[in-house]
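Subject: Structure for you to look at

Hello,

Here is the structure I said I would pass on. Please open it and keep it in view while you read the notes below.

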Amino acid sequence: MRKLTGLLLGVAIAGLTATASFAADTIKFAFIDPLSGPFAATGQQGLSQYKFAADELVNKKGGVLGKEFEIVAFDNKISPKESLIQLQVAIDQGIRFIVQGNSSGVANALTDAIKKHNKRNPDARVLFLNYSAVDPALTNDKCNFWHFRFDANADIKMDALTDIIAANDDIKKVYLIGQDYSFGKAVAAAAVKMLGEKRPDIEIVGNELHPIGRVKDFTPYARKIMSSGADAMITGNWGADMVGLGKSVIAAGYDNPIYTYYAAADGITKTFGADGKGKVKLVGEGQLNPPPNDRADAYAKAFKAKYPDTDIGQPRIANVMEMLAKAIDQAGSDTDMVAIGKALEGMEHDSLWGTKVFMRPDDHQVIQNVHILAHTDDGVSHDFDNSGYGLVVESTVEMASADAPTTCKMDRPE
Amino acid sequence: MSAAAIELKDLNKSFGLARIIRGVDLSIGRGERHAIIGPNGAGKSTLFNLITGKYRPSSGSVHLAGTDISRLNPYQINRMGLSRSFQITNIFPKMTVFENIRCGLLYSMGYKYSFWHLVDRQPKLTERADEILEQINLTDRRHLIAGVLTYAEQRALEIGITIAGGADIVMLDEPTAGMSASETDYIVDLIRQVTEGKTLVIVEHDMGVVFNLADRISVLVYGEIIESDAPEKVRASEKVQEAYLGVAEEEAD
Amino acid sequence: MSAVSDAEAARRGKSGLFSLAKTAPWFIAAVLLICLPLVFNSGAGFTVMNQMAITIIFALAYNMLLGQGGMLSFGHAVYMGLGGFFCVHLMNMVEYDGLMLPLPLLPLFGGLFGLLFAFIIGSFSTRRAGTVFAMISLGVGELIASLSIIVVAFFGGEEGVSGDRTMGPEVAGFDFAQQSEVYYLTAAWLFISALAMFLYSRTPIGRISNAVRDNEERAEFLGYSQRYVRWISFCASGFFAGIAGGLFAINFEILTEENLNLATSGSILLITFLGGVGFFLGPVIGAIVFTLLQTVLSLYTEIWALYVGLLFVLTVMFFPSGLAGVIAIHVRPWQLGKIGLLAAPYLKMIVPAALFVFSCAAVLEILFHARHAALGEEEMWLYGLTINSQGVWPLTIAIAIAVVSLIILKRLAPSLKEAWDEANHQETGS
Amino acid sequence: MSLLAVNLLDGLVTGLLLFMLCSGLTLIFSMMGVLNFAHASFYMLGAYFAYQISTYVGFWPGLIIAPVAVGIAGALIERYGLRRVHQYGHVPELIFTFGLALLIEEVVQFFWGKSHMAYYEPEVFKFAAFSIAGNAFPAYKVFMIFVAIAIFLVLLYILTRTRVGLIIQAALSYPATVQNLGHNVPLVFMGVFGVGTAMAGLAGVIAGPVLGTFPGMAVVLGSIVFVTIVIGGLGSLWGALIASLLIGWMQTFAASYNVTMADILMAVGIDKPVDLSDNALRDLWTLTLPQIGPILPYLLMVLVLVIRPRGLLGKRET
């Protein structure tokens, strides 16, 4: 029986390594995100966007250093443990660029593991390109040289959002609600702090956390929000918790803005449909509507033509590909991670989405324009979920939080 | 003063409104072979279960060698030297015959909840189990899974498990139920042999078995003991005949 | 060492513990554990093997409950997880507070913490067996998993708690920075734990926990409190689960809510059952197969979970004694010296059977691709072929192969059955 | 006061919905001894079937067709899967349904993908039936209450007034006897499983538009259904009803009132530490009732099982 076991293992691991042996003439990116399980929809979307961006923005222009970009997908089932296993598999396959975005929990596990890996294996270092995990800690206390974040973090988004709220005199009472975990707490804490600084007169009529992924029916929360008389609510909820909360609040008769981080695409836009119009707002980077320029318009149209059931939910992915191509080109190597990292630090880039993008060297946090986007069907040239509804830029904060402090003490390799 | 092996004092048991055992007083001496008989539904098995701790009495008490055991759990009573068999064959069907016996020995041989002995490395344990197998004539069935034994063999095994722990008081609940005449003879011989020198309490339907085995017989009717005496006296008792006849008439209706 | 049935064990009753027949399998296992890295020396190879070893320990510990004690638990991840969390905290104490604890001993502490919590929770959950036990384990599992999100100070919220295993004192020149070093540490603990659990099953309490599983009433009348027997088994199981947790902490250097939640508890149940609860080796096989499926299959197909689900349901339906049971039914033909009779029918069936499995998978893959792939992406890769998932032909051919191979299998079935009967038939007169 | 009334109504909706699932589960458990772990998966199937039907012919036909389809699927699974496993005993049965739950989730994703489905309540119900102090109570929820009550009444009628019901009632208390009464036990089992799963399917049909139709919907509800029937007492329909309502209200009220641990601790005279950031008990101090709301049922279950293993109204312990 042990023999059989050995045989099985042999076959399997031969399979594992076989994939690494061919096609060595591409620059590979390991896409480690959920491709099965409850969050697979988001992961699949990200994967499609990466594949498209790599082809469209890099490979069609002849690649970098004569090599094309290749995205290799690894399913981490949104589990930190599986992510670490897949990280190891990816490194074994000779992949040096790790992209991941869904769940700050996974990002924390990965950044920690990559830091240790790079220390223990200086000849096989890897870079971590975080395109979506927005826990501020990743570019503050937990920052390291190998981690680069291409999304605006939760604090930056809140900074932009509170700028907009502060400018709106109709808002007197704000209700904060979020999922009970680090991100939800970070959003709430930032909101309290920033609203307090910018508009001390605004009353925070509710500040609460609900268990993540466990609330079947948000009606009781909706009742509380209604009876608090809030003029606006802010939530960091995502996935089913976002849909559930939004639907319940609207059903309970709420008619004021709902400021969100993640209330778009993956079926959410379609689910809100007409009910969410004029209520659901989203703070984020990347401008699809109105298209900032013809190039972005063409890019989005081409994407839709290729992936009709998918949307550009994370426009920053285009930035990741373009900036990496530049950095590798500047470093003149696709294996010297220190050189590539140093090229990426401080890079200024004119994004496809009409904004300047600056990779802040102090903490490897990208600084870019952040928008308040409205869920609507007016003036939408690129909708989400093929629903006719999409996100239209309502207001913009230029280079948001460019001078925000960071607690990061970057340890740079020589 | 040496206390009786088992003493029941004004024992009562009700299930809801039904009073099954109604004020039983009984004393069974050491080394006595005591049989409890009675018509169906008289409460014999209930009485058995009260003594062995499966049920708790509604009132009254059970004493084992002078100690009140009415509130104790079966395993505690067992440890005080009382062992029982069951009306329906109650063995470990997935284990081998040998292991069945060995399980019966473990506690009494002092292994208790040990996790530092290996059972296969205990020569005395194996020896003792083999002796008992010899006693109940199942040596040649040693390695069989108990579930595949014949009915009579399973009953023999059950008796083997029951006496394995070396209890002073052995209680057998209808050991010959459902057996042919020759099987019955075999089991009765076995019982006589393995309970030599012990106190035996037996519930039985087969009068032949009862009068053959018992020193003293108690007759239980509707939860009350109407007679408790030597076999020949019980046989002669009018009260008993009446009760049995009465029941027989009722049943005939 | 496959499937040491009670009968065999008893037959060997008088033979010594250190007889060749008994120690040889362990010897082979030890040699195998030492030699495996010579074959699989990539980082991923080590990671997968470490993961397997940890899962094997956990599954064996779980089977002390389910297989040996008859207790169905829906929350056993709690004991592995808590053991692991304490170990990460110990690791951090080594790093920041200068605690002098050599890394190889860490899993022992994981085990002790697992034992402690099993002792506390077992004090009320093991009072009864059956549904009551199962439901309490579900409730406790859910409570602790939820608490892990709420009590950030200890569990670190959804990010979990991470540590660095290399900060302790070096042991014999090893600082455990490399996966290979961790592998040997894990393998050593696997060997020790598996041996200890095997020996446990042969102790008085191990035997009596079988007895309580089969017939709790009878066991009570033999002087054993069924409740204490369950409690002790539960504690022992918690101890070994905690060791697995400690090894997890060393291997992954991070513990998260995932280690405590119901999905993890559920998958260990699946693993154990898939391997076979009635055999000591069952959980080992289950852990190996499941880890391979989860880690390797998911590299090749997106719908791996569908296959795993199918495999599991089919196993429960057709082989309730698990994969080990499938192997075990060949023991008798082997003992009768007739295993050769089965070779021919097996060889005849293996090609159509493989064709059937692969063509069914192909049907699923083509349908899935046709339904979910990007528009215009009609080409898909399947077994090294590039085919058009939107076309009629690939699907038709796959279905045709499936049907034809099924028909061939049906035709061949009687001859297998005949051979099977013959192989299990003992010549009369013996 | 008005919020209390609204909460009572909301809790009623949750509780009745739970009861629609629990009644089927209790029926199945009582008759067959099977704790059907996949019950919530049939609820999910109901929602997805109804969604698919609604894209062709609208909401109303789905209300009838989807539960029937789920019931048929359930009966087929009983006939070709569960019946085979039945002979191996209860643990394999339970594990079979456990695997089935995983499989159904995968199958649903295979066909419908992983996103939320745009499954809505019918247009006629898209208005607020009434509102209490500014809190709108959607008409669809009123409809849900009526459907749930109708189901309960039909069930009650069948159980107490029909021959089939008497058999079922007998089986609830004395499962062994029914088999000896000369009924076609396999057929009865198939029927019970079919009806039980159909009821779960119906719950899915009417809950899908409100609670969302997505692959995780079964998991969210999964174990809470078990918890409910265990609290109510296995095999007791009334117990299931009481426990469902209890849990419905418990969860609604827990989410509605921000009682914090700090309030409670200070009320009993413990002073709040000034600096919480490094305090080991900081999480205890910031704990609120809504945070722990969803785990209250589990806590209740463990307590009930420890104190009264047969549940609130259970007659037997299995």
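The notes below go through two chains, then the contacts between chains.

First, some ground rules. This is a predicted model, in which local features need pLDDT of at least 70, side-chain atom pairs count only at pLDDT 80 or more, and totals for chains, interfaces and linings use all residues. Residues are numbered from 1 along each chain as its sequence is written, while chains are lettered from A and ligands numbered from 1 in the order in which they are written.

Chain A

Chain A has 12 helices and 15 strands. Here helices (H or I, at least four residues) and strands (E, at least two) are DSSP runs, numbered from the N terminus. Along the principal axes, the C-alpha atoms of chain A fill a box of roughly 65 × 55 × 45 Å. The radius of gyration of chain A is 22 Å, which agrees with the value near 22 Å for a compact globule of 414 residues. That radius is taken over C-alpha atoms, and the globule rule is 2.2 Å times the number of residues to the power 0.38.

Of the 414 residues in chain A, 62% are buried. A residue counts as buried if 20 or more other C-beta atoms lie within 10 Å of its own, as exposed if 12 or fewer do, and as partly exposed in between, with C-beta atoms placed from the backbone. Two residues are in contact if their C-beta atoms, placed in that way, lie within 7 Å. Among the contacts in chain A with a separation of 6 or more, 73% are between residues 24 or more positions apart.

Chain A is divided into domain 1 (2-152 + 313-367) and domain 2 (155-289 + 369-397); the bounds come from an automatic or database domain assignment. The C-alpha centres of these two domains of chain A lie 30 Å apart. In chain A, 16 residues of domain 1 are in contact with 17 residues of domain 2. Helix 2 (residues 40-58) of chain A gives the largest share of the domain 1 side, three residues. By class, that side has seven nonpolar, six polar and three charged residues. Nonpolar means Ala, Val, Leu, Ile, Met, Phe, Trp, Tyr, Cys and Pro, charged means Asp, Glu, Lys and Arg, and the others, Gly among them, are polar.

Chain B

Chain B has nine helices and 10 strands. Its C-alpha atoms fill a box of roughly 55 × 40 × 35 Å along the principal axes. Buried residues make up 43% of chain B.

Which helix of chain B is mostly covered? Helix 3 (residues 97-106) is, with 10 of its 10 residues buried. Among them are B:Val97, B:Phe98 and B:Glu99.

Contacts between chains

In chain A, 30 residues are in contact with 31 residues of chain D. The largest share of the chain A side, seven residues, comes from helix 7 (219-228) of chain A. By class, the chain A side has 14 nonpolar, seven polar and nine charged residues.

The contact between chain C and chain B takes 30 residues from chain C and 36 residues from chain B. Helix 9 (204-214) of chain C supplies the largest share of the chain C side, seven residues. The chain C side divides into 15 nonpolar, six polar and nine charged residues.

Regards
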